[in-house]
Amino acid sequence: MIQVKNLTKSFRIPIAGKSRWQRFKSYVSGDRRVKTAVSDISFTVQKGEFVGYIGPNGAGKSTTIKMLTGILHPTSGEVLIGGSSPHKHRRQVVRKLGVVFGQRCQLWWDLPVRDSYDILAEMYRIERSIKERTLAELGELLQMDEFMDTPVRKLSLGQRMRADLAASLLHNPDILFLDEPTIGLDIVAKKSIRSLLKSLNRDFGKTILLTTHDMDDIEQLCARVMVINHGQLAYDGTIGELRDRIGLPTVMKVSFAGPVAVPAEWSGNFLIANHQGNELTIQCNRRSIQAMEVLRQLEQWGSIEDVHMEEPNFEEVIHRIY
Ligand SMILES: Nc1ncnc2c1ncn2[C@@H]1O[C@H](COP(=O)(O)OP(=O)(O)OP(=O)(O)O)[C@@H](O)[C@H]1O
């Protein structure tokens with residue numbers, strides 16, 4: 001559905017001198033240096049996937065999305081959306097895509113929400129009856145009835161994001177590119193946007209590529225994650241595999257029915273991080289030992305009453321690869 005092959009984008013930017021005079025001279029002389037924002041990236045996204053595209057500030061995420069949507073031309077490499085190039089067949093591809101840039105509203109600021117949809121429907125040449133039906137469905141799904149006649153500038157951020165999502169869905173695209181759709185939202189609004197995105201993927205079969213700095217978005221929504229760093233693809237796989245690869249320890253808090261007979265000098269392949277009363281805190285790396293093996297060992301030291309497992313914090317895992 002989305003095929004990206006050896007995609008590269010370089011910008012020619014003025015050489016940044018130390019003084020204002022140097023910068024001015026470089027600006028007028030046309031001296032430039034090459035900044036490679038995206039470097040030789042390849043990946044494929046299948047129909048119905050929900051993929052997180054993450055990386056630190058300036059890593060090249062937005063530049064990639066702009067190339068996928070045909071806004072920017074690649075310096076080299078190829079993008080195919082449903083077999084067509086967004087650069088050579090822009091109109092054809094645009095009909096398959098819905099795009100939300102969380103930091104930029106695509107609706108008309110002073111117009112009531114409904115009027116923006118009328119304009120967009122004209123632009124996409126959507127028949128009146130189909131537009132009305134789609135809007136009724138989206139209104140219900142995104143709970144927009146209460147603000148359909150309110151000017152966009154008067155909407156709360158959460159309402160604005162829902163209205164923006166509806167705008168990206170009006171022409172019923174198969175693919176959604178979402179760049180920071182939960183940015184700046186409070187916890188309640190974030191939760192509501194996440195459950196909408198989940199439903200769009202699961203119930204309506206939309207293929208979604210999501211860019212975000214919120215690791216909870218990624219953990220709760222994306223089966224697959226791609227990490228971009230300094231313009232290069234640093235990881236492409238599941239969150240579980242990523243955790244395993246980084247190798248941060250899983251923490252197990254184990255309560256015993258009575259005293260625990262821990263050997264005086266324990267040097268097995270898990271660590272006893274804390275021993276207090278009838279409780280042990282264990283750190284183990286699941287690449288080298290399975291949780292069941294740890295428990296079998298612990299059973300020899302006392303009668304286990306309760307076990308609580310904590311997987312490594314995903315935010316921390318990500319920091320390790322950045
Ligand atoms: N039009 C442009 N001209 C020159 N350099 C650019 C341009 N657009 C992006 N860049 C540079 O390319 C690099 C990647 O930028 P990009 O916006 O893709 O990063 P990002 O991962 O989306 O970052 P963020 O998370 O901060 O939005 C940055 O160093 C940026 O300064």
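**Pro-74**

I began with the neighbours of Pro-74. Leaving out residues up to four places away in sequence, Pro-74 touches Leu-7, Thr-8, Lys-9, Met-67 and Val-79. I count two residues as in contact if their C-beta atoms, placed from the backbone, lie within 7 Å.

A note on the source. I am reading a predicted model, where local features need pLDDT of at least 70, side-chain atom pairs count only at pLDDT 80 or more, and totals for chains, interfaces and linings use all residues. Residues are numbered from 1 along each chain as its sequence is written.

Next I looked up where Pro-74 sits. I found Pro-74 in the loop between helix 2 (61-68) and strand 4 (76-81). Helices (H or I, at least four residues) and strands (E, at least two) are DSSP runs, numbered from the N terminus.

Is Pro-74 buried or exposed? Pro-74 is buried, because 24 other C-beta atoms lie within 10 Å. The cut-offs are 20 or more other C-beta atoms within 10 Å of its own for a buried residue, 12 or fewer for an exposed one, and partly exposed in between, with C-beta atoms placed from the backbone.

I also checked Arg-12. Pro-74 and Arg-12 are 62 residues apart in sequence, and their C-alpha atoms are 13 Å apart in space.

**Helix 4**

I turned to helix 4 (residues 113-123). Its buried residues are Val-113, Ser-116 and Tyr-117. They lie on the same side of helix 4, because they cover an arc of only 100° around the axis. That arc is taken from the directions from the helix axis to the C-beta atoms. What covers these buried residues includes helix 5 (128-141) and helix 6 (157-169). Just after helix 4, I noted Arg-125 with a positive phi of about 55°.

**Ile-246**

I placed Ile-246 in helix 9 (residues 239-246). Ile-246 is partly exposed, because 17 other C-beta atoms lie within 10 Å. Not counting residues up to four places away in sequence, Ile-246 touches Val-317, Arg-320 and Ile-321. Ile-246 and Val-317 are 71 residues apart in sequence but 6.5 Å apart in space, C-alpha to C-alpha.

**Whole chain**

Last, I looked at the totals. The protein chain has 11 helices and 13 strands. Buried residues make up 30% of its 322 residues. The C-alpha trace spans about 75 × 55 × 40 Å along its principal axes. The radius of gyration is 25 Å, whereas a compact globule of 322 residues would have one near 20 Å. This radius is taken over C-alpha atoms, and the globule rule is 2.2 Å times the number of residues to the power 0.38. Among contacts between residues at least 6 apart in sequence, 70% join residues at least 24 apart.
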